[in-house]
Structures are given as C-alpha cells and as structure tokens.
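Me: I have a model to go through and a few things to ask about it. Helices to start with, then sheets.

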Amino acid sequence: MKRRMRERFAALPLRRQLFIAILGVCGATLLFAIACIAVIEAVSYRRALRDNSVMLADVIGKASEAAIAFADRTEADRTLAAFSVDTSVREAALYDLGGGRIGIWLAAGEASRLERDPALTGFDGGMLFVSREIRREGRLLGRIALRVDLGGLYQRLALLTTAQVLVLAGALAAAIVLTRSLQRPLSDPIQRLAATARHIAETGDVGTRAAETGGHELRDLAYAINRMLDRIEGQNRTLREQADELRRSNDELEQFSYISSHDLKEPLRMVSMYIDLLATKYGAALPEQARGYLATVASGAARMHSLIEDILAYARVDRPRDGATGIALEAVVAEAVENLRPEIERTGAQVRVQPLPVVRGARSQLVQLVQNLIGNAIKYRRETPLITISARREGDRWTIAIDDNGIGIAPEHLDRIFVMFQRLHGREAYGGNGIGLTICRRIVERHGGRIWVESQPGVGSSFRFTLPAVEADAGAAPVERDACPEADDRTP
Amino acid sequence: MELLTRCRLSAVLALALLACACLPAAEASREAAVKAAFLHKFTLFVEWPERAFAAPDAPFEIGILGEDPFGRFLDELIAGETVRGRPIRLRRGRTAAEVAGCQVVYVCPSVSARVAVEMALLREAPSLMVSDLPRFADTHGGIGFIADDGRIRFTLNASDLERRGLKASAQLLALAQIVGGSDAAR
C-alpha cells in the first residue's frame, strides 16, 4: 500500500510533487505544534487551577483555625462563605480532628458531596477535590475540603482549540497560496528544459538550444545539453562534408576506372589484333621458338583483356536504385545456372535449389553474384560438385547460403579471399583473375548486406550473404519473375 | 423466700440509684474533656510577652488552682506538646502562690469561696485566667466558660488580657463573647 502510494507520488508532475511536499511539511509541522500547545495548555491550566484552589483552601483554612479548634459551627459556616467569590468552587467543608463536619458552604443549586473529607487532593470525575490540613503552630486542628468545578477549564480549552483550528486553517490557506508561487522558480526551469529536450528528441532539430536559466544545477544541465547539441551539430556537419567528399571521390573513381578501362582496352585490342595478324601472315615463316613467343604474347594480351573486363565489371557495380523492384531469387538462380551450363554439363555438377524469397535489388547484379559463387563452387571442386542454395529469414533480411562440397578454405584465408586479386592457388591450378569474390562483396555491400564464408578444408564451403527482404503484400514493389518457372531440384 | 426477693429488690434499687448518679457524672466527664481541650487550644491563639517566662528556654506552665476536675485528660492532651517551642507542664496548687508564674491558670470550682482573694494576688501576673465559675471573666478577667445549648462557649475579657500584656488572635476574639472593660471588682 505504501509502495503504491510512493509510486503514484513519483509519477506526478514535478509541480504537484513540490506542492504536496511543501504543504505536507507545513501541515505536519503546524498540527504537531498545535497538538503540543494544546497538551501543554491543558496540563498547565489544570495545574494552575489545582495550585490556585489549594492556595485558596489554605487561605480560608487559616481564617477558620479558631472555628475548628473550638468547634464553632456558626463561625465555620461564616468563614467558608468567603468562597462565594470564586465561581468555580461549588462546595467547601471544614472537618475536626475526628473527621466530623464542622462547617459547610454550598454554591447555589448544588448538592453536597463532601459529607466526608476526601482526604486527597486530585481530579476525579470532572471535578477537582482539594483536601488540606489546618494547623496552628504546627498542631493539627482539622481539615478543609473543596469541590471545584472543571467546567471553566473545559470551556477555556474548547475556546483555545477552536482558535487553534482557525489558526491552522488560516496558516494552511496561506501556505497554499505561498506554495503556488514558491514552487514556480523551482519547477518552471525544469519543465522548460524537459520540453526542450522532448522537442529535440522528437523532431531531431539539433539547432535548438535550451535556455540556461534557473538554479545552479539546472544551469549546468542546460549548459551540458547545449554543448552536446553543439557537438552533434558539428559532427553532423563533418559527416555531411565527409559523405559529400566520399561520394565525389567515389564518383570520380568510378568514372576514372570506367574510362581508363575503356582507354586501356583500346591499345590492348591493337596488340591482340596485330599479334593475330603476325601469327596468321608470317607465322609459317617464323621459327618454332618465335611462334611460341607470339603465343605467349597473345595469351598475355588476352589475360590482360579479361582482367580489364573484370575491373570494368567491378566498376560497373552501382548502387541499386531506391525503390528498386522486388526480384525473385529463384529466377536469378535459374539465369545464372543457364549461363554456367557448359561448365555444369562438363563436370556433371548438381545444383539443388530450395525455395528462395523475393528480395529488393538490381537483377543483373544479383545474377552476377550468384553466377560467380556457383562458378567458384564448380571450379574449386574435388569430386562431382554438389551445390545447394537455400535461404533463411532473419528479421528484415534474408540470409542466402550457397553450399558446396569442394576443396574448402583454410581458416586463416577466410577473409583474404574477398580482397581484390587475392588468389589462394596458382593460375595454373584454377583459372581466374582473383577478382570474382571482390565483385561479389561489392554487389552484396551495395545492396546493404554482408557476405562471408564458412568452410572446412577437404569437406566443402558455405558462402553466405544477406539481402534486404521485400514484404509480399499489397503496396509492395511488383515482383519481376523470369520466363522459366522450373527452378528447384534441377539436374542438368 | 421473702427475704431473697427483698434482697434482690434492694440490689436492683441500689444499682438504679448508682446509674442515676453516674449519668451526670458521664455528662460531666465529656464536658471536662472539652474544656481541657479548649484550655490547651487557648495556648495556640494567645501570645504571651517575654517577661511571662523566667528564661528563654523555660517551659510553658498551665496551673490548676484548686481541685483538678480534669482527671487525666489534660495530662494526656499536653503530653509531648509544645507552645512555640516550649514544652508544656502542668502545675497543680491550692493557693495562688503555688501557681504563680504559670502562663495559664485554671481556677477550679472548688476555689469559688476565696476566688477574689486569690485573683487579687494574681492581678499583675501576665497569665491567662480561665475558669467556669459564673461571670468569671466579667468579674476577674481572662476567659470564662459558659454552657450554651449543650455547646461550650466562652466569654473573654479583652481589656484584662490587654492589661496583662497578652495578645489574643482576632479569630479567638471573633469566637468569644467579649466582656468586661474595667478591672475586677472587689
């Protein structure tokens, strides 16, 4: 119960909390003070009444000494009549040594309750009883007793309590008014700061700044937030500039590599052409060795040509356009397999295709990606290649796996193979320029995914890459499908 | 048989007579007790001058002049009591000379015949004279007991007390019936 109240309190706005806290403290303090005062008043007034009554009894008792000593009833009654001046004394009596009542005085309308000496002074049943010895020269002569009504006491206490309750009410009212204005300088700056922070969080407007007003700590807070915002703004600016720079540099690089590849191909074509001419026209006239040299030059030129082609292909991998259509991977795989038909038939390779999803991307690039990977799987074989292509959904991406039973890759090389021109084996063993996987990585990264390989030498490899998924519901991009619908479990 | 009855009768008669004689005696005894108490209480409401005492530490003496009617009452009353620090003593005497120097002198009824003579001897004494002889205070001064409707009251000769240097408290004066004015007549 207490915990729930504390939770509710903690959930209140700051203004309300301050209000409740201040009022609570005020109210508690006031109540405590009033209660203490009331108790002290009651106690002290009772004591005062008692002391006064005792003194009165002693004074009148003194005047009654002779009356008691000589058992003179008339005189005893006469001296007791002096109590008529005190409105709270309702009855007074004098007793001789034997306890017999010598004198009596009763206020108007009172019935006697002091037939016998009460013997003790004290409060009993709404009345104060006083009983005092009467002595002369130290010798006990008799006793005097009073009965005092407490009505006056209660009346006074009631008056006091009423006054105090009014004071309490007034003080609380004043406290409420004061609290309203007191908590303002405390809660206003915090609320403003909170509002600013919320605005920045919701709109991302890092140009706003918090007002550095209010108490010491609040100022510190606002200052810190503003400096953070400064920093963020600066970082954003730097990032933007860097991005612009990168984009520019990338564009230049692409343009450069594209152009230079074309420019490179031109002289190469000349070389190939003339080597060919040389071989055809004058080949017969050349000695064996010279013909061999020509062949070497020709193959070198051809290799260079294929290298340039690969570099071009790499440079041509652009970022897929935003809002690109959804591509059916099954169709992509079908096209790649078709392109690799000669190799597949030659090696007797089997390509098993499990259900594949629709992804967002550029079709030609995806075909090249799949084709490169399947091609590698066939190339780096140790027995009849068996290739399985599968897909698994993880959140908003698909993880595509192309598994083979090839020669595998040693763990220390797993990262190297994606780097440009990194070949793990000589060109004589397996063909290729060492650029295929680099192109694969570039394509996957352009699609916002990542590519990696898991492998066991002597067993096989599993090349995996992630691609963004496309929701196959209404409003999604239309799916581009191939003309060949058969795509699973195909054996050439 | 007749003798026995007669003896019994006389025995009963004798007892009855005895009882009758005792009644007033019982009454008298209660009165004596009250008077004895009053006698003692007078010492609380009267102040004696220094010259009434032989020495600062001399005892306070109550003299009984004549045949003591109080029996043991007064002795028991004053046993261990003091008057302003002075222990109270009783002195019994037949003549004024024997009780001279007592601060209180009670004149017993038995002195009635020669009271004037004895009072004359004690005229100058700073003593409180108390008696229940009729008109005692009027005639000789001091305090006189009077019976009033079964209650014991007293008369007080204020000028006599004043003359002797005794100060009676206002409360005592208020209770008493003030009498006298001149000296005791011979």
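Me: Which is the crossing of α7(A) and α8(A), left-handed or right-handed?

Reply: Left-handed. The near helix is then turned anticlockwise from the far one by less than a right angle; clockwise would count as right-handed. Helices here (H or I, at least four residues) and strands (E, at least two) are DSSP runs, numbered from the N terminus.

Me: What are the ground rules?

Reply: This is a predicted model, in which local features need pLDDT of at least 70 and side-chain atom pairs count only at pLDDT 80 or more, while totals for chains, interfaces and linings use all residues; side-chain values use heavy atoms, without hydrogens and water. Residues are numbered from 1 along each chain as its sequence is written, with chains lettered from A and ligands numbered from 1 in the order in which they are written.

Me: Back to the helices. At roughly what angle do the axes of α7(A) and α8(A) cross?

Reply: Roughly 160°, and the axes of α7 (residues 216–282) and α8 (residues 288–316) of chain A come within 9 Å. Axes are lines fitted to C-alpha atoms, for helices over the stretch in contact, and angles run from 0 to 180 degrees between N-to-C directions. α7(A) and α8(A) are therefore roughly antiparallel to each other (over 145 degrees; under 35 is roughly parallel, 65 to 115 roughly perpendicular, the rest oblique).

Me: How do the residues of that contact, α7(A) with α8(A), divide?

Reply: Into 16 nonpolar, 5 polar and 4 charged. Ala, Val, Leu, Ile, Met, Phe, Trp, Tyr, Cys and Pro count as nonpolar, Asp, Glu, Lys and Arg as charged, and the others, Gly among them, as polar.

Me: And α2(A) with α5(A): within how many Å do the axes come?

Reply: Within 10 Å, for α2 (residues 14–63) and α5 (residues 151–182) of chain A, with a crossing at roughly 165°. That makes α2(A) roughly antiparallel to α5(A). The crossing of α2(A) and α5(A) is right-handed. Its contact residues come to 19 nonpolar, 3 polar and 4 charged.

Me: On to sheets. What is the strand order in the antiparallel one in chain A?

Reply: β2-β1-β5-β4-β3, in an open sheet of 5 strands. Two strands pair if DSSP finds at least two bridges between them. β2 (101–106) and β3 (122–124) of chain A are at the edges with a single partner strand each, so each has one side without a neighbour in the sheet. The twist from one strand to the next averages 20°. β3(A) and β4 (residues 127–136) of chain A share 3 bridges in the antiparallel sense, and Phe123(A) has Leu128(A) in β4(A) as its bridge partner.

Me: How many residues of β10(A) are buried?

Reply: 5 of the 7 residues in β10 (residues 397–403) of chain A; buried means under 20% relative accessible area, exposed over 50%, partly exposed in between (1.4 Å probe, protein chains only). β10(A) pairs antiparallel with β9 (residues 386–394) of chain A over 7 bridges, where Arg392(A) stands opposite Thr399(A). β9(A) and β10(A) make a hairpin with 2 residues between them, and Gly395(A) in the turn has a positive phi of about 70°. β10(A) also pairs antiparallel with β12 (residues 460–468) of chain A over 7 bridges.

Me: Last one. How many disulfides over all chains?

Reply: 0, a disulfide being a pair of cysteine sulfur atoms within 2.5 Å. Cys440(A) counts as buried because its relative accessibility is 0%, and Cys26(A) as partly exposed because its value is 27%.
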